[in-house]
Amino acid sequence: MTSNLAAHLPVAREGVVRERPEVPGWTENLLFTPYDPVNDIGMWLHLGTVADVWEMWEDRVLIALPEDQGVLAMWAYHRTVPERQPGGANLEFHCGQPFKQWRITFDGFCVRSSYDALRTGLLADGPKSRVQLELSVECVTPVWDAESGPDTATGAGMAEQSWAREHYEQLIKVSGELVVDGVITEISGSGWRDHSRGPRGADTLKDWGGHVITGGVLPSGRAFGLCRYWARDGRVTLEGAYVVEDGALRHVGIRQIPGPAELERDGEDFTLALADDEAISGTVCSSLWLSMAGGLPYGVADGAPVYTVSWARVQWGGEEGYAYIERSHVENV
């Protein structure tokens, strides 16, 4: 299944750019979102360069623990030497084999907060927990490249996006160890990853109307994914969807996307439907919230768009598995 994961993408797309691009606001961003359903632990692990300060790497970590244990959060900046890139102050991604194997390491301190605090306001500083993370990542589906998807009737695809000009996604399985204040948890689960490049300046949200991204791989290896982005006038600027069966990826249309996220940790039911296929039903197991206003901490900022990331149990064609889902929605579209 892993022999032809990215036949259409050059290996250079998997690495990070080593010379400053001559494009205002240019950034490079990598994200892994694993979820362990047995331990009910989700992770949002992000590394990216800073717009117009290309030498500086930003590492952002959110770890969703079971509800009674709360959320761990960290956000830092670091001028990372080339041999540690992609990496930040505490978080590093190591590519073992392009489009097939990665390793994630983290060693630092995170603020611990409740879900209610994160859901109802900006995250305040507070007591820190020592957190260590070592994850092995296996890429289990072919890459979906946003530039290879079908055109929309109303948008120009990646060429119109204000957050990147290149973007691809892939589904993963993860295993490893999470240590919080000396308590070891063995991690086993699945998730989603992406890698984007291009301008992402201060005006990124100027015409942002909202988005949905979701993807999941089931125990049989059957997998799905979709994304849709729209402008403030409701016009869809980029969308695409795919199904993976017997290791082969095929593009499909979209019949229905999940609605705007509910600001609750769990319990939300949703439905998505791909063309010519059975609908996929889901129930959110865990959620986190980020402000989309530039420079603000994690949490829900009054008057700012909310970026919700969730992990959900899904049912598709009689099979049950887990999926990642992220959503935003600007009310004044």
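User: How many of the 12 residues of β4 are buried?

Analyst: Ground rules first: this is a predicted model, in which local features need pLDDT of at least 70, side-chain atom pairs count only at pLDDT 80 or more, and totals for chains, interfaces and linings use all residues. Residues are numbered from 1 along each chain as its sequence is written, and side-chain values use heavy atoms, leaving out hydrogens and water. Strands are DSSP runs of E with at least two residues and helices are runs of H or I with at least four, both numbered from the N terminus, while buried means under 20% relative accessible area, exposed over 50% and partly exposed in between, with a 1.4 Å probe and protein chains only. On those terms β4 is mostly covered, and its buried count is 10.

User: Which residue in β4 stands opposite V50?

Analyst: β3 and β4 run antiparallel and are joined by 9 bridges; strands pair if DSSP finds at least two bridges between them. The residue in β4 that faces V50 is V53.

User: And which residue of the β3 and β4 hairpin takes a positive phi near 70°?

Analyst: This hairpin leaves 2 residues between its strands. The residue we want sits in the loop between β3 and β4 and is exposed, at 55% relative accessible area. It isn't a glycine, and its name is D52.

User: Is D40 buried or exposed?

Analyst: D40 is in the loop between β2 (35–36) and β3, and it too has a positive phi without being glycine, near 55°. Because its relative accessibility is 17%, D40 counts as buried.

User: Which residue in β5 is the bridge partner of E58?

Analyst: β4 and β5 pair in the antiparallel sense over 9 bridges. They form a hairpin with 6 residues between them, and G70 in the turn has a positive phi of about 80°. Across in β5, the bridge partner of E58 is Y77.

User: What is the volume of the largest pocket?

Analyst: The pocket is found on a 1 Å grid over the protein atoms alone: it is an open set of points with protein on both sides within 12 Å along at least five of seven lines, whereas points where a 1.4 Å probe fits but cannot get out make a cavity, and lining residues have an atom within 4 Å of a point. Points are joined across faces, edges and corners, and the volume is the space filled by probe spheres set on them. For the largest pocket, that comes to about 990 Å³.

User: Which strand gives the most to that lining?

Analyst: The lining has 36 residues, with N29, E58, R60, R200 and T204 nearest the pocket centre. By class it holds 18 nonpolar, 13 polar and 5 charged residues, where Ala, Val, Leu, Ile, Met, Phe, Trp, Tyr, Cys and Pro are nonpolar, Asp, Glu, Lys and Arg charged, and the others, Gly among them, polar. Strands supplying at least two residues each include β1 (26–32), β4 and β18 (280–291). The one that gives the most, with 5 residues, is β3.

User: What is the relative accessible area of T204?

Analyst: T204 is in the loop between β11 (183–199) and β12 (208–217). Beyond its neighbours within four places in sequence, T204 is in contact (heavy atoms within 4.5 Å) with S162 and W163. T204 counts as buried because its relative accessible area is 11%.

User: How far apart are the C-alpha atoms of L118 and A301?

Analyst: L118 belongs to helix α1 (residues 115–120) and is buried, at 0% relative accessibility. Its contacts outside four places in sequence include V71, L288, W289 and Y298. A301 is 183 residues away along the chain, yet the C-alpha separation is 9.7 Å.

User: By what angle are neighbouring strands of the 9-strand sheet turned on average?

Analyst: The sheet is open and antiparallel, in the order β15-β14-β13-β12-β20-β19-β18-β17-β16. β15 (248–252) and β16 (254–256) have a single partner strand each, so one side of each lacks a neighbour in the sheet.

User: Which residue in β18 is the bridge partner of D269?

Analyst: Strand β17 (residues 269–274) pairs with β18 in the antiparallel sense, over 4 bridges. The β18 partner of D269 is T283.
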